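Visitor: I'd like to go through this model with you and ask how you know what you say about it. Could you put it up first?

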Amino acid sequence: MIPEAVNPLVFYNWMMVAYFLVINVVYTLLAIIGWREIKKYVRRRPLRDYRQVSRSPLSMPVTILVPSYNEAPVIADSVRSLLRSRYAQLEVMVINDGSSDGTMDELKKEFALTQIERIPRASIETQPVIACYASGTDAGLVVIDKANGGKADALNVGLRFAAFPLVCAIDADTMLDPAALSRLVWEFQASPETVAAGGIVRIVNGSRVENGKLVSVKTPKSILANLQIMEYLRAFLGGRIAWSRLGMLLIISGAFGIFRRDALVEVGGWDPTTVGEDAELVLRLHRVRRDRGQKCRIVFFPDPICWTEAPQSLKTLIRQRDRWQRGLMEMLIRHRSMLGRRKYGHVGTLAVPYFALFEAIGPLIEVTGYLVFLIALALGLVSWPLALAFLGLSLSFGLVISFATLLMEERAFQRYPSWGDLGKLVLVAVIENFGYRQMMAVARSRAFWTMWRGRGKHTWGDMDRAGFGSAEAPATQPIDSELVRPEA
Amino acid sequence: MRLIDALLLLLGGTCVAWFFMTLLVVLSKSGRDRRGRVSNERRRRYRDALEAASSTKLGPILREISRRKGPQVDMLAVLAEVAPSQRTIHALRETDRNQQLSESLEYQSCGEEPVARGLSALLLARMGLDRGTQVADRLLRDEDPDVRLAACSALAEIGTNAAARSLIQSLREGTMPAERLIERLGAPWANHEVLLALDESGDPRLRTALVRALGLAPDRRALDMLIHLSGRGEDEERVSAIRTLGSTGPADKVVPILCSALDDGNPAVRAQAARAIGTLIEPASPDRPETSIAAAEQLRRCLGDEDWWVRANAATALRSIGKAGEHQLIDALDDPDEFSRDRARESLALLKARATAG
C-alpha cells in the first residue's frame with residue numbers, strides 16, 4: 001500500500017517547493033517595486049506643498065465617516081483626534097450602529113448633541129435611521145444614530161448623509177495623523193480619475209497619546225503587538241505600494257481610505273452582506289467602472305498615517321484574521337467572473353489570480369504543506385538534510401523580505417526613531433518565523449471551516465479596547481456644507 | 001544538479017542577502033541619524049545667517065546651495081519656517097550680486113531631473129532672487145506635474161504683478177488644475193492684475209475663475225467689482241461674488257445687497273445670499289440692529305422658498321444672527337409649511353444646546 005501513497009506525497013512536496021519559489025519571487029519583485037516607489041516619493045517630497053492643500057479653501061472638502069459599534073471607551077478620543085485634523089473643510093460624521101454599550105450616551109455627553117433634521121443626498125438601501133444630531137460644542141461634528149446593520153450598512157448611511165464630495169472611511173478606534181488627509185487629497189487633486197486612495201495603517205500600542213494626540217512613537221512591550229507591527233509594515237510597504245504602482249491595488253484598508261462619493265454612490269456603496277466590505281468595494285469599483293468604460297485610478301500612499309490599536313490577546317487576533325480571510329474569500333468568490341478576463345486589464349489577469357492562489361488558498365496550502373512534509377519525513381520519503389535545507393531556505397527568504405521592509409521604513413520614514421525600537425523590530429522579524437507565522441496560517445485556514453459552516457457572517461468582530469488616553473476638547477473649524485450642492 | 005544542491009545554493013544566496021540587508025538596515029539607521037544631525041546643524045547655521053542678514057555668513061552658504069541638493073532642501077525648509085525680511089532678501093541679493101547662485105539654479109531648472117528643476121524654482125522664489133519669476137513662468141509649462149505645482153507655489157511666493165500675470169496666463173491656457181492657480185491668485189498682491197484681466201477678458205470660464213480668486217482676499221477695489229458682479233454678472237459669477245461678499249463684508253454695506261439677492265431668479269444665488277447674511281451679521285455686536293431685523297424678516301420669507309437648499313440656508317442663517325433671527329424662528333414654528341416648521345424647530349433646539357454648552 002505504501003508505494004501508492006508515496007507518489008502523491010512526493011508530488012505534493014514538489015508542488016510545495018514550486019509554490020514556495022513562485023511566491024517568494026513575487027514577494028521579491030513587489031519589494032523591489034515598492035522600494036523604487038518609496039525612493040521616488042522621498043525625492044519628490046520637498047516639491048509638494050501639502051500645507052497648501054490643508055489650508056486652501058479650494059481643496060476638496062472631506063466628510064470623515066466613523067462607523068461605530070460598542071466603542072464607548074475610545075469614541076470620544078477618536079472623534080477629538082479627527083476634529084483636530086489639519087484640514088480647511090472637514091465634516092466628521094459618527095454613525096452609531098445600534099451600540100449597546102452606551103456609545104451614543106458617551107457622544108451625547110461629550111459633545112452636547114442636539115437632534116437635527118438632515119436630508120439624505122443619495123438613495124442607498126440601509127437600516128432605518130433613528131435620529132441625526134449636531135454638536136453644540138464642535139460645529140464640524142454630526143452624529144447619526146441608526147438601527148444595527150453592520151459596519152458596511154453604517155458606512156452606507158454615512159454615504160447617504162455625507163455633505164462633501166470626498167468621503168474618508170475610518171474605524172472608530174483609529175487616529176489620523178494631522179497631515180494625513182491633505183496628503184491623500186493631493187492624489188485626488190493631482191489626478192481627477194482617482195476614485196479611491198488608501199494610506200498606511202500603523203499600530204499605536206506602546207506609543208504615547210495625550211488628549212487624543214500622538215505625542216511620541218514607541219514599539220509596545222507586548223510581543224504580540226510587535227509581531228503585528230512587523231506584519232503591517234510588510235503588508236503595506238512590501239506589498240501595497242507595488243500593487244498601487246502597477247495599477248492593481250485590490251485592498252484599501254477599512255481603517256483608512258478616501259473615496260469619491262459619486263463613484264461610491266454609482267456602485268451602490270459598501271456591500272453589507274460581506275465581512276470584507278473594504279476589499280470587496282475596491283474590487284467592485286474596478287469591475288463596475290471598467291464595465292462602463294470609466295477610468296479607475298485606485299492608489300496607495302505610504303505617508304498618510306492612520307494609527308490603530310492592535311489586538312492584545314491571541315484569541316482576538318485569531319478572530320480578526322479569520323474575519324479578514326473570510327472577507328477576502330467572499331470578495332474573490334463574488335467577483336470570480338473577473339478571473340483571467342482581459343477586459344479587466346491587469347486586475348483580471350494578474351491581481352485577482354494572485355490573490356486567489358496566494359492570499360486566499362495560500363494559508364491552506366501552507367498548513368497542508370507542513371503536514372504532508374512531516375508525514376513524508378516520518379515515512380522517510382524526504383531526507384533530513386533536504387528537509388532542513390528547505391526549512392532554512394523558507395526562513396531566510398522570509399527574513400530577506402522582512403528586512404527589506406525594515407530597510408524601506410528606515411530609509412523613508414523612521415517612525416520608530418530609537419535604536420531600541422529598531423532592535424526590537426529586528427528581533428521580531430526573526431522570531432516571527434518560529435511559530436507566529438505558522439499560527440497565523442492556521443488561523444487563516446480556519447476561515448475555510450468558518451465559511452463552510454456559514455458562521456460569523458457580517459459581524460463587527462469584537463476587539464478589546466484599551467482607549468487612547470485622556471482628552472480635552474479641541475478647537476475646530478466650522479463646516480461649510482452649504483457650499484456643496486447636494487443632488488437630492 | 002540535485003535538488004538538495006539547488007536548495008543549498010539558494011539558501012546560501014538568501015543568507016548572504018539577509019546578511020547584507022541587516023547591514024544595510026543598521027547602516028541606513030546610523031546614516032540617517034548622522035545626516036539628521038548634519039542637517040539640523042546646517043539649518044541652524046542657515047537660520048543664523050538669514051537672521052543676521054550678513055553677506056559674510058551668506059556667501060559660503062550660497063556656494064554650498066548652488067552645488068548640492070541636501071543644502072537646497074535644508075534652505076527651503078528654513079525659509080518656510082522663517083519668512084525672510086526685506087533686509088534678509090536685500091542681503092541675499094547683495095551676496096549673489098555676481099549672479100553665481102541665480103545662474104546655477106537657472107541652469108539646474110533646465111536639467112533632466114524634475115526634482116532639481118522644481119527645487120531651483122522654489123529656491124529662487126523664496127530667496128527673492130532676480131530670475132525667480134522668469135524660471136517659474138517657464139516651469140509652469142513643464143512636463144512634470146509636480147514641477148508645475150512647485151512653479152505655481154514659487155510664483156505665489158514671489159508675489160509681484162509679473163508673477164500674477166504668469167499665473168493668469170496659465171489659467172487661460174489650462175496647463176494645470178484651475179483651483180490650484182485660483183488659490184494662489186487669491187491674495188491681495190494679485191488683485192490688481194486679476195481686476196485688469198477681469199476687465200479685459202470675455203472668456204466666461206476665466207472670468208468665473210478670476211471672481212473666485214478675487215473673493216479669497218478682496219480689497220476695496222475688488223469689493224466694488226464683486227458688488228457690481230453680484231447683481232449683473234453671469235450665474236456663476238453672481239454665486240461666486242455673493243459667496244465672497246459673505247466672508248468679507250462690511251455688513252452695513254453688503255447686507256442690503258445680499259438681501260436684494262434673496263429675490264434672484266437663480267436658487268443657487270438665493271441660497272448663497274441667505275448663507276452669506278448668516279455669516280456676516282455678528283449676533284453679539286450687530287453694527288446696526290435695524291439691519292439685522294430687516295435681514296431676519298427677509299430670511300424668514302425664504303423659509304418658504306420653493307427650493308429646499310434656500311430654505312435650509314435661511315434657517316441656518318436665522319440661527320446665526322442672534323435675537324432678531326431667533327424671533328423669526330419662533331414665529332416660523334407656526335408656519336403652514338412643514339419643512340419651515342421643522343427647520344425652525346431644529347434651529348431653535350441647536351441654539352438652546354449651544355447656549356447650554358457655552
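Visitor: Where is A:Ala112 found in chain A?

Guide: It's a predicted model, so keep that in mind throughout. A:Ala112 sits in the loop that links helix H4 (103–111) to strand S3 (113–116) of chain A.

Visitor: What makes the phi of A:Ala112 worth a remark?

Guide: Its phi is near 45°, a positive value in a residue other than glycine. Most residues other than glycine have a negative phi. B:Ala53 also has a positive phi, near 50°, and is found in the loop between helix H1 (3–52) and helix H2 (55–67) of chain B.

Visitor: Why is B:Ala53 called buried?

Guide: Buried means under 20% relative accessible area. B:Ala53 has 14%, so the word applies.

Visitor: And what makes A:Arg202 buried?

Guide: Again the cut-off is under 20%, and A:Arg202 comes in at 3%, so it counts as buried. A:Arg202 lies in strand S8 (residues 194–203) of chain A. Leaving aside neighbours within four places in sequence, its contacts include A:Leu233, A:Trp307, A:Glu409 and A:Arg415. As for A:Val22, it is 180 residues from A:Arg202 in sequence and 29 Å away in space, C-alpha to C-alpha.

Visitor: Which helix holds A:Arg289, and why is A:Arg289 called buried?

Guide: A:Arg289 belongs to helix H9 (residues 277–291) of chain A. Its relative accessible area is 12%, and the limit is under 20%, so A:Arg289 is buried. Leaving aside neighbours within four places in sequence, A:Arg289 has contacts with A:Val195, A:Glu266 and A:Lys295, among others.

Visitor: How do you know that the size of chain A agrees with a compact globule?

Guide: With 488 residues, a compact globule would have a radius of gyration near 23 Å; chain A has 23 Å, so the two agree. The C-alpha trace spans about 75 × 50 × 45 Å along its principal axes. Of the 488 residues, 61% count as buried.

Visitor: What makes up the largest nonpolar core?

Guide: That core has 244 residues, and those with the most contacts inside it are A:Ile64, A:Phe259, A:Trp270 and B:Met127. Helix H7 (residues 223–245) of chain A gives the most to this core, with 11 residues. Take A:Ile64: leaving aside neighbours within four places in sequence, it is in contact with residues including A:Leu82, A:Val92, A:Met93 and A:Ile170. There's a second, separate core of 15 residues, which includes A:Leu377, A:Val382, B:Ile4 and B:Leu11.

Terms used
Residues numbered from 1 in each chain as written. Chains lettered and ligands numbered in written order. Predicted model: local features only at pLDDT ≥ 70, side-chain atom pairs only at ≥ 80, totals over all residues. Heavy atoms only, no water. Rg over C-alpha atoms; globule rule 2.2 N^0.38 Å. Buried < 20%, exposed > 50% of the residue type's maximum accessible area, 1.4 Å probe, protein only. Core = buried A, V, L, I, M, F, W, Y, C linked by side-chain atoms within 4.5 Å. Helix = DSSP H or I, 4+ residues; strand = E, 2+ residues; numbered from the N terminus. Contact = heavy atoms within 4.5 Å.
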